[in-house]
Amino acid sequence: MRRFGICILALCTCLMVGTSVRAIEMLPTFGDIDHIHLPALIVQHADGDQSLQLKAQDTTYIDNAQYKETVIATKDMVHPFYVTIHVRQWKDVAITETWYEISHTEKKPVRLQRFDSGYLPLENGDLYLVHLHGNWAGEAVPTVERLTRGVKSIRNSDGARNAHLDAPEVMISLDGMPQENSGRVFGAALCWSGNFEIRVAATDEKGFHFYAGIDPMASEYILSPKQVFTTPHLAYTYSNEGMGGVSRAFHRWARTCGMLHNGNTTRSILLNSWEGIYFDITEERIIAMMNDIAAFGGELFVMDDGWFGGKYQRNSDDAALGDWIVDTRKLPNGLEALTQAAKDRHIQFGIWIEPEAINTRSELFEKHPEWALQERGRELKLGRGGTQLVLDMTNPKVQDFVFELVDDLLTKHPEIAYIKWDANASIQNVGSTYLPRDKQSNLYIDYHLGLIKTLERIRAKYPNVVIQNCASGGGRANYGLMPYFDEFWVSDNNDALQRVYIQWGTSYFFPSNSMAQHIGGSPYLMTGRTTPIKFRCDVAMSGRLGMELQPAHMTDTERAQCTTAFKDYKELRELIQLGNLYRLVSPYEPVPVVEQQQVASLMYVNDAKDHAVLFAYGLSSFMKQSSRRIRLAGLDPERTYTLTERNVRQGEQPCALDGQSFTGAYLMSVGLDIPLSTEYNIDYPSRIFELK
Ligand code: GLA
């Protein structure tokens, strides 16, 4: 944190020393900056004036066991317009959060035209920006580019989700091309699930300026007198241990500072019904799948989409969203029979919902068409299935409906231990029948405030139900919503090879116990690729392990491999889900020598550095390729570690490295020659080693 910590403290000190001090250093405002710099806050006052010059009034400090916070109250020099600046520095985690509270007592509403969550000057130099770009089934591709003069902007305009296309987290290397385990890197995450804009501006030759906040496009916020608008938090860190250092700071912060619900606990091994049976749910099929997951040693079964519907049946994605009643044509004995079946098999039961969505082919839409977001007098733009719309979460009645849907399920079926909360539509109809005409531009923001309010109500009553955050895969992997969720669905793409890449990028900001990773079928339906069961298991085992296929279609060998994988995973779970991540060889890294194999490798180490687990994946398979030496990281150089191979391929013995001992210094400087080459005679070889 050194440079940024000092920089923020200096700014706070500067604001403390006298009431004449202006807040511009921490919050550049339109009306108080020169023509070269960009403002982080632009407002139009009730009388039409557009300028703002904030002056510090008062500074208070909070110092508790977890963090130190500086709170600076500022006021405009002309209007009764106030901004309270918060800077919170976590004590055991190298993360700082900033946010602003904006209010006024002007005679009429004030228009907030831009309202970032934070601003930071960055040093001049050879800066590189890393951000995650991707799409449905191809999430989290690290995009690396050199920052040049001008303004670089990263935005997302989906409205309801923001981690498909461009995500609200970035890293900036201050030392040229970013390195994994060395070099100075700044990392930041905007804790928001709606539209955002992150800007890096180099408007003159002197330096770079970083801004992050809600995207003001079509979102001018109309702020009534005495109403307080709180910007989302911006969380940032600085590391001289490269991108890995930034990731580890975010992971620790997520787990220990409440940015991930139940962050410091481990998650169960599950089977999800989606890719096994899709909408073809019957009691018999569900119970058969429960038998399978219980036999493998799994702990939870999740019934995905297709279980609900009354007048309209949910047999495809074009009907019934909103009608959250059990479809007794498919499940004649209701959910009771399923929760009882789960109990009998000593596993837990979970269920899928998509609470913020509605189909035009639903009873809910017939009853409450006004609850869907819509533009006055215009034809509805329809999403998934040609009938899907988004509910108006700004409307308190809709918020109640969503709360009651969850409350009802959990009151009637207290055995439900897990909910998969999906969100498969973007906001295409930007209009609300609830918001007044002069506040329509609040919609994009009030939608999320309404959603958060509802999630807070749910969490207050149900703190322990595990809730998965899903949005057509990883569309809502962000720190705006994760404080209410235990994990997120990384991607709808379960192809193990592409998952190595998707999980790699996702781990830049999110800890492993939040990343839901499932063993998929083979050949895989989306890519047609055939991968061995061991590779599929080993790839899923590096995060929160689950499976998503029809177990009835598996061979005996595949079943046996999964049973071994589950057993070994349980013994390594704490290390994998709560350990410190070190990414060793990137799947994106070109092989240095042409005849070498393309590999990816990562490891987790516990805090005491006496227990670690290493994953190595072979991504290309040609006969007689040479394998690649992998240097480990994060170990104690003085200690001696003994290797045990885990999840050994069915019918094979552990490789020659099993049982061998090496010092941490050796493993980190010389490294290991892991047998991944095609002497194996198999596509997609992989190995897992435990180090003790
Ligand atoms: C989304 C989710 C999937 C699945 C389907 C069900 O696409 O990402 O995992 O739940 O919806 O319709």
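Y211 counts as buried, because its relative accessibility is 1% and the cut-off is under 20%. In this predicted model, Y211 sits in strand β13 (residues 208-214). The structure holds 28 aromatic pairs, and Y211 belongs to one of them, with Y119 as its partner. A pair of aromatic rings is described by the distance of the centres and the angle of the planes. For Y119 and Y211 that gives 5.1 Å centre to centre and 45° between the planes, a tilted pair. The two tyrosines link distant parts of the chain: Y119 belongs to strand β6 (residues 110-122), and 92 residues separate it from Y211. Y119 is buried as well, since its relative accessible area of 12% falls under the 20% limit.

Next come the tryptophans W307 and W324, which form another tilted pair. Both residues lie in the loop between β18 (300-303) and α5 (334-344), 17 residues apart, and both are buried. Here are the two pairs in a table.

| Pair | Centre to centre | Angle between planes |
|---|---|---|
| Y119 and Y211 | 5.1 Å | 45° |
| W307 and W324 | 6.1 Å | 40° |

Aromatic rings also gather in a cluster made of F250, W253, Y479, F488, F509 and F510. You'll find F250 in helix α2 (residues 242-256), and it is buried, with a relative accessible area of 0%. Leaving aside residues up to four places away in sequence, F250 touches I95, G187, A188, A189, A235, Y236, T237, Y479 and F509. Two of those names, Y479 and F509, are listed in the aromatic cluster too.

Some rings have an arginine over the face. R457 lies over F403, at 4.1 Å from the ring centre. R499 does likewise with W489, at 4.8 Å from the ring centre.

On to helix packing. The axes of helix α4 (residues 283-296) and helix α11 (residues 556-578) come within 8 Å and cross at roughly 55°. On the α4 side, D292, I293 and F296 make the contact, and on the α11 side it is R559, C562, T563 and F566. By type, the residues of this contact divide into 4 nonpolar, 1 polar and 2 charged.

Most residues other than glycine have a negative phi, and most peptide bonds are trans. The peptide bond from S522 to P523 is cis, with omega near -5°, and P523 is in the loop between β25 (515-519) and α10 (533-540). H346 isn't a glycine, but its phi is positive, at about 60°. S472 also has a positive phi, near 50°. Where do these two residues sit in the chain? H346 is in the loop between α5 and β19 (348-353), while S472 is in the loop between β23 (466-469) and β24 (487-489).

Are H346 and S472 buried or exposed? H346 is exposed, because its relative accessible area of 73% is over the 50% cut-off. S472, on the other hand, is buried, with a relative accessible area of 11%.

Terms used: Residues numbered from 1 in each chain as written. Predicted model: local features only at pLDDT ≥ 70, side-chain atom pairs only at ≥ 80, totals over all residues. Heavy atoms only, no water. Phe/Tyr/Trp six-rings, centres within 6.5 Å; stacked < 30°, edge-to-face > 60°. Helix = DSSP H or I, 4+ residues; strand = E, 2+ residues; numbered from the N terminus. Buried < 20%, exposed > 50% of the residue type's maximum accessible area, 1.4 Å probe, protein only. Lys NZ or Arg CZ within 6 Å of the ring centre and 35° of its normal. Axes fitted to C-alpha atoms, helices over the stretch in contact; angles between N-to-C directions. Contact = heavy atoms within 4.5 Å. Nonpolar A, V, L, I, M, F, W, Y, C, P; charged D, E, K, R; others polar.
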